[in-house]
Amino acid sequence: MGTEPKAWYVNFFGDDYLNIYRHTLTADRTEKEVAFTERKLELDAGARVLDLCCGPGRHSVILAKHGYKVTALDLSQPYLELARRAAAEGKVAFDTVSADMREIPFDDYFDVVINMYSSFGYLESETEDLRVLESIARSLKPGGRLLLDMLNREWAVANYIQNDWHADPDGTLYVEHRALDLASSRMRVRFIIVGPDGERRDSIGHDIRLYTLTEMTRLLEGVGLAGVEACGGFDGEPYGIGSRRMVLCARKHA
């Protein structure tokens, strides 16, 4: 019998992802995102914060430096190891947890959950995405808050470009092919990577469900996360069609 192929999100998050997006995931950007989170959610000293889908821990390290009790959760063991190294280099400590975002192993525990850089919508159906929101709601204390950073569907449709590329300083070329399916509201992205020596290879890429503000409000309120508010991004600009990001804040019923 053949082995069933793993979902793209099991295999994609490795060196390719970090190299492809390194030019956007800068230290300045991370500092701005954390500052916005602290201000918008009015974080109290010592608050328990879950960095859901933490990746290599870029937010977890800064949040820990600011005195919060951070738990960094990810499905990727290599990324959790990078997060632990980043904590050691930053001379901070936080817990790391290997788990699926649909099965957060905490109940009524966190003051805040953050989910950054379009880490919501990865799964195969709205039903599975709803399981994530249910898991988040269970993990939050009554009155706890969620910050969800998503690509704005309205912006993505209005600014759709099928093919794009960028190059690293070492000459590595990343060619990005996007396929936007309006019927399913999914953006499927594939990458071709051409090294400085001209060697070409295909990367796995990703497949993300893009949600509207209306859809997300319905889903969040359905799991007991109320007071949904949308910002256009981490500069605090108003949400609108011209906003690339859709940063959502909500609160669990007390």
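How many of the 8 residues of helix 4 (residues 58-65) are buried? Hold that thought while we look at the whole chain, which is a predicted model.

The protein chain has 8 helices and 11 strands. A compact globule of 254 residues would have a radius of gyration near 18 Å, and the protein chain has 18 Å, so the two agree. Contacts tell us about the fold too: among those with a separation of 6 or more, 65% link residues 24 or more positions apart.

| Property | Value |
|---|---|
| Box filled by the C-alpha atoms, along the principal axes | roughly 55 × 50 × 45 Å |
| Share of the 254 residues that count as buried | 51% |
| Accessible surface | about 12300 Å² |
| Part of that surface belonging to carbon and sulfur atoms | 51% |

Now back to helix 4. In this helix, 7 of the 8 residues are buried, so the rest of the structure largely encloses it. The buried ones are Arg58, His59, Ser60, Val61, Ile62, Leu63 and Ala64.

What do these buried residues pack against? Their neighbours include two helices, helix 3 (27-41) and helix 5 (77-89). They also pack against strand 1 (48-52), strand 2 (69-74) and strand 4 (110-115). After helix 4 comes Gly67, which has a positive phi, near 95°.

Note on methods: Residues numbered from 1 in each chain as written. Predicted model: local features only at pLDDT ≥ 70, side-chain atom pairs only at ≥ 80, totals over all residues. Heavy atoms only, no water. Helix = DSSP H or I, 4+ residues; strand = E, 2+ residues; numbered from the N terminus. Rg over C-alpha atoms; globule rule 2.2 N^0.38 Å. Buried < 20%, exposed > 50% of the residue type's maximum accessible area, 1.4 Å probe, protein only. Contact = heavy atoms within 4.5 Å. Areas by Shrake-Rupley, 256 points an atom, 1.4 Å probe, with all protein chains shown as cover.
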